[in-house]
Amino acid sequence: AHDKNGGAGALNNIGLVYLFLSDNEKAIEYFKRALPLFQETSNKYLIAKVLTNIGFAYVRLKEWQKALEYLDQARPLGKEISDRSTQAYSLTVTGIAYAGEGQKQKALETLNESLPIGREAGSPMVEAFTLDQIGAVYNDLGQSAKAQDFLKQALPLAVDVGSPLLQ
């Protein structure tokens with residue numbers, strides 16, 4: 001099991017590098033190679049992470065339905081293993097997918113569900129990401145004052161953690 005986790009972990013990390021480089025197709029390729037190896041080891045934490053990574057890559061490609069297919073598998077695992085950071089990240093990415101599909105209210109509900117979980121997890125990166133996305137949805141809805149409130153909360157957190165997503 002350890003060898004499979006190591007190999008799958010390496011594939012997942014390569015996928016993260018491609019994600020960072022915005023080569024989303026290549027990232028998905030590596031994440032999808034890691035997924036069955038993680039599934040063989042029954043490591044729910046790592047399965048939830050890679051499913052969320054695949055979902056995020058599809059979000060970046062604006063393939064909302066494909067993103068939701070993977071995120072719908074990741075979210076229950078995050079709850080089951082009680083990893084609050086993974087749970088919050090999955091919810092935030094799901095909110096982005098709903099927003100992309102035009103389901104703005106559902107996006108806000110999901111993002112607002114994520115926010116306290118991310119805070120509880122003590123993950124300023126996830127919290128900043130979520131605040132930024134809530135702001136983006138309010139901006140899309142033409143509620144610029146509300147959008148600014150959330151973006152102003154996100155900025156210092158993003159700066160503190162050196163987030164490449166928000167700076």
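Q: Thr86 first: buried or exposed?
A: Thr86 is at 1% relative accessibility, so Thr86 counts as buried. The cut-offs are under 20% relative accessible area for buried, over 50% for exposed and partly exposed in between, with a 1.4 Å probe and protein chains only.

Q: Okay, and what kind of model is this?
A: A predicted model, where local features need pLDDT of at least 70, side-chain atom pairs count only at pLDDT 80 or more, and totals for chains, interfaces and linings use all residues. Residues are numbered from 1 along each chain as its sequence is written, and side-chain values use heavy atoms, with hydrogens and water left out.

Q: Where is Thr86 found?
A: Thr86 is part of helix 5. Helices here are DSSP runs (H or I, at least four residues), as are strands (E, at least two), numbered from the N terminus.

Q: Which residues is Thr86 in contact with?
A: Tyr45, Ala48 and Lys49, leaving aside its neighbours within four places in sequence. Contact means heavy atoms within 4.5 Å.

Q: Let's do the helix pair. At what angle do helix 3 and helix 5 pack?
A: About 25°, with the axes of helix 3 (residues 44-60) and helix 5 (residues 84-100) 10 Å apart. That makes helix 3 roughly parallel to helix 5. Angles under 35 degrees count as roughly parallel, over 145 as roughly antiparallel, 65 to 115 as roughly perpendicular, and the rest as oblique. The axes are lines fitted to C-alpha atoms, for helices over the stretch in contact, and angles run from 0 to 180 degrees between N-to-C directions.

Q: Which residues meet there?
A: On the helix 3 side, Tyr45, Ala48, Lys49, Thr52, Asn53, Gly55, Phe56 and Val59; on the helix 5 side, Thr86, Tyr89, Ser90, Val93, Ile96 and Ala97. By class, the contact of helix 3 with helix 5 has eight nonpolar, five polar and one charged residues. Ala, Val, Leu, Ile, Met, Phe, Trp, Tyr, Cys and Pro count as nonpolar, Asp, Glu, Lys and Arg as charged, and the others, Gly among them, as polar.

Q: And helix 5 with helix 6, what's the angle?
A: Helix 5 and helix 6 (residues 104-121) pack at about 160°, and their axes are 8 Å apart. That makes helix 5 roughly antiparallel to helix 6. By class, the contact of helix 5 with helix 6 has eight nonpolar, eight polar and five charged residues.

Q: What does Asn12 touch?
A: Phe31, Ala34, Phe38, Val50 and Asn53, not counting residues up to four places away in sequence. Asn12 is in helix 1 (residues 2-20), and at 9% relative accessibility Asn12 counts as buried.

Q: Which residues of helix 2 are buried?
A: Asn24, Ala27, Ile28, Tyr30, Phe31, Ala34, Leu35, Phe38 and Thr41.

Q: What comes just after helix 2?
A: Ser42, with a positive phi of about 60°. Ser42 has that phi although it is not a glycine. Most residues other than glycine have a negative phi. Ser42 sits in the loop between helix 2 and helix 3 and is exposed, with a relative accessible area of 52%.

Q: What about the phi of Ser82?
A: Ser82 also has a positive phi, about 60°, although it is not a glycine. Ser82 lies in the loop between helix 4 (64-80) and helix 5. Ser82 is exposed, with a relative accessible area of 52%.

Q: Last topic, helix 8. Which residues in it are buried?
A: Ala147, Phe150, Ala154, Leu157 and Ala158. The buried residues of helix 8 pack against helix 7 (124-140).

Q: How far apart are Ala128 and Leu157?
A: 5.6 Å in space, C-alpha to C-alpha, and 29 residues in sequence. Ala128 is in helix 7, and at 0% relative accessibility Ala128 counts as buried.

Q: And which residue follows just after helix 8?
A: Gly162, which takes a positive phi of about 65°.
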